There are 2 protein chains.
Amino acid sequence: MFPVEDVLAGNRLALARLLTAIENDTPAGRAALSALFPHAGRAHLIGVTGAPGTGKSSLVNRLAYHYRHPPDGEAPKTVAIVAVDPSSPFSGGAVLGDRVRMRDLTGDQGVFIRSMASRGSLGGLARMTAGVVQAFDAAGYEIVLIETVGAGQAEVDIARLAHTTLVVEAPGLGDDIQAIKAGILEIADILVINKADRPGVENTERALRNMLNLAHPLPRVYRHHGALQEVLPAVAEAPADEAIWIPPIQKTIATRGDGVPELAAEIARHRTHLEASGDWERRWRARLQRELEDLLQDALVHRWRREIPPNYYEDVFSQLVQRQISPRQAVDALLNGGREA
Amino acid sequence: MFPVEDVLAGNRLALARLLTAIENDTPAGRAALSALFPHAGRAHLIGVTGAPGTGKSSLVNRLAYHYRHPPDGEAPKTVAIVAVDPSSPFSGGAVLGDRVRMRDLTGDQGVFIRSMASRGSLGGLARMTAGVVQAFDAAGYEIVLIETVGAGQAEVDIARLAHTTLVVEAPGLGDDIQAIKAGILEIADILVINKADRPGVENTERALRNMLNLAHPLPRVYRHHGALQEVLPAVAEAPADEAIWIPPIQKTIATRGDGVPELAAEIARHRTHLEASGDWERRWRARLQRELEDLLQDALVHRWRREIPPNYYEDVFSQLVQRQISPRQAVDALLNGGREA
């Protein structure tokens with residue numbers, strides 16, 4: 001059994017070792033996650049996504065620094081940064097942009113930075129990230145910044161983890177086309193135009209505002225539409241009369257810190273909105289149900305796989321490819337697991 | 001049992017009734033699909049997707065007309081059109097834009113048009129669409145045009161059905177931003193700029209060409225990355241040395257038919273490429289494996305659901321939400337199905 005108490009007591013080395021165990025999906029890591037589960041649920045999970053070149057990493061840095069050194073009268077918050085790069089094979093300590101990141105944050109015991117990389121499937125990466133985020137949450141980090149590189153399904157999956165998702169744009173990225181992606185707007189709670197001192201910032205802002213006007217009200221990804229929705233009850237369905245949140249647009253210049261206090265204020269406003277509207281609780285329930293269904297599907301497939309003879313799947317698939325049996329007949333054969341063969 | 005022989009013999013009424021049975025996922029529909037399966041696999045499945053306002057429907061019309069009335073020396077081909085609208089609750093005959101569509105095609109026994117709409121989950125829609133496409137294929141239609149409205153996961157799922165996917169753009173749609181989406185380029189085999197007589201066509205073409213240059217070589221969606229990839233062998237993985245297809249950009253004016261013969265030539269060239277490179281076979285195998293895995297996962301969940309007591313899932317989920325148990329413990333409880341409770 002992993003020393004869960006050490007993690008809960010704030011031992012950074014124990015936490016680092018736990019994160020590695022979670023990434024490697026070891027039995028000890030899984031057991032520790034189960035033991036930590038009752039302690040999680042207090043952190044504000046903030047997703048930060050956007051195309052390469054938007055300055056996401058600098059912005060995440062600055063936000064972390066802001067939470068560590070808030071204006072007078074506010075208490076500093078502990079911050080974890082999870083930097084996820086689906087295209088990178090490197091994982092572990094602080095690999096991604098660590099020199100830039102660490103300059104202001106090095107030696108601060110209230111900050112923990114972890115880089116995550118893909119080791120195969122995006123689904124696996126999303127599951128690992130969920131475990132790492134939960135570990136930080138249980139370990140008492142008040143703010144967890146989840147930074148994702150690129151755009152696509154990985155971002156959507158990871159945004160589903162977050163309470164608040166920032167989508168970062170920047171002027172002048174390939175005629176504003178590169179940066180603005182379908183699906184991304186659907187997950188944005190706050191739109192950030194970073195590098196706002198660049199030419200073309202008005203065009204980027206106008207384009208985003210047009211899209212917001214066109215797209216609003218947006219479908220919310222935290223509504224539960226799991227694979228099992230036709231079988232299992234939609235426990236976490238959001239009510240039709242939910243309060244509407246219109247994503248604000250915040251301009252920043254992360255390299256100088258301009259706009260970062262205002263961005264932190266918008267993030268705090270979104271958290272207040274989530275709590276007041278009941279969405280904080282609903283997102284939590286939806287996240288849990290999604291996690292449960294994913295684990296259940298995996299477990300059912302694994303159990304089935306253990307029960308069938310070796311090469312049975314390959315044999316059935318081969319018959320299917322040769323059109324000797326139909327897909328439904330193949331499934332029936334697979335479910336029987338060779339017992340009637 | 002459904003009169004499968006009538007469908008194979010070209011009886012349009014029998015086919016229409018079968019399509020309805022497939023959409024309603026009736027036992028008779030499922031049995032008929034199994035019986036038809038050995039007869040499918042000959043049609044060229046062509047996906048056509050793009051944002052609203054790009055003139056996709058007119059283009060699909062014109063393409064169908066072209067295949068029915070080819071240049072001298074070519075044989076006409078039979079054409080099925082499957083128009084999928086994930087946002088519409090209407091399904092059945094020809095609902096979507098039927099008046100425009102039917103003007104040139106009405107009364108032509110070599111054309112069959114079917115509209116499909118969402119009845120719940122997108123996953124369900126993709127599965128229904130796969131069944132309908134397979135029915136057209138088995139019934140002997142040589143070209144199946146699968147038209148999807150909007151952008152997002154539905155398009156990607158449906159593109160996975162097609163051998164050749166056309167992504168349709170048009171000039172002047174919200175500063176060219178609306179129309180060009182992430183993920184869409186990943187699925188495009190051919191890029192079409194429709195409404196090419198509009199101002200701004202050069203900008204759209206330049207933007208597309210820039211994106212192609214940046215993005216190439218693109219990840220191909222027909223590579224198999226199913227949910228079960230870590231459990232089951234990747235039977236359908238594409239080899240690393242596959243021949244590279246660079247998506248061409250074809251300008252059209254669908255309302256006048258300009259560029260449509262050239263587009264049909266590009267489609268034919270893509271088919272030749274698929275067959276020569278072995279990708280025709282690989283896409284077929286990947287499609288089959290995806291279908292098999294989807295059906296297997298569904299079947300495993302359904303079988304599990306039948307075995308557990310009523311309200312057992314709800315009880316376990318409730319304990320999870322109250323943090324009395326962890327997600328892994330919840331899955332263990334669900335797998336035990338209350339037998340040890």
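**Helix α10 of chain A and its surroundings**

Helix α4 (residues 56–68) and helix α10 (residues 260–277) of chain A pack with their axes 10 Å apart, at an angle of about 75°. Axes are lines fitted to C-alpha atoms, for helices over the stretch in contact, and angles run from 0 to 180 degrees between N-to-C directions. This is a predicted model: local features need pLDDT of at least 70, side-chain atom pairs count only at pLDDT 80 or more, and totals for chains, interfaces and linings use all residues. Residues are numbered from 1 along each chain as its sequence is written, and chains are lettered from A and ligands numbered from 1 in the order in which they are written.

**The α4–α10 contact**
- α4(A) and α10(A) are therefore roughly perpendicular to each other (65 to 115 degrees).
- α4(A) contributes A:Arg62, A:Leu63 and A:His66, and α10(A) contributes A:Val260, A:Pro261, A:Leu263 and A:Ala264. Contact means C-beta atoms, placed from the backbone, within 7 Å.
- The contact residues divide into five nonpolar, one polar and one charged. Ala, Val, Leu, Ile, Met, Phe, Trp, Tyr, Cys and Pro count as nonpolar, Asp, Glu, Lys and Arg as charged, and the others, Gly among them, as polar.

**Helix α10**
- α10(A) has 18 residues and reaches 26 Å from its first C-alpha to its last. That is close to the expected 26 Å, taken as 1.5 Å times one less than the number of residues.
- Its buried residues are A:Val260, A:Leu263, A:Ala264, A:Glu266, A:Ile267, A:His270 and A:Leu274. Buried means 20 or more other C-beta atoms within 10 Å of the residue's own, exposed 12 or fewer, and partly exposed in between, with C-beta atoms placed from the backbone.
- Seen down the axis, the buried residues of α10(A) fall within an arc of 155°, so they line one face of the helix. The arc is that of the directions from the helix axis to the C-beta atoms.
- An α-helix has 3.6 residues a turn, so residues three or four places apart point the same way.
- On the other side of α10(A), A:Ala265, A:Thr272, A:Glu275 and A:Ala276 are exposed.
- The buried residues pack against β1 (44–50), α4, β5 (164–169), β6 (190–193), β7 and α11 (279–307) of chain A.
- A:Gly278 follows α10(A), with a positive phi near 85°.

**A:Ile244**
- A:Ile244 sits in the loop between α9 (201–215) and β7 (249–251) of chain A.
- A:Ile244 is exposed, because 11 other C-beta atoms lie within 10 Å.
- A:Ile244 and A:Ser277 are 33 residues apart in sequence and 8.9 Å apart in space, C-alpha to C-alpha.

**Chain A overall**
- Chain A has 13 helices and seven strands. These are DSSP runs numbered from the N terminus: helices H or I, at least four residues; strands E, at least two.
- Buried residues make up 48% of its 341 residues.

Conventions
Angles under 35 degrees count as roughly parallel, over 145 as roughly antiparallel, 65 to 115 as roughly perpendicular and the rest as oblique. Two residues are in contact if their C-beta atoms, placed from the backbone, lie within 7 Å.
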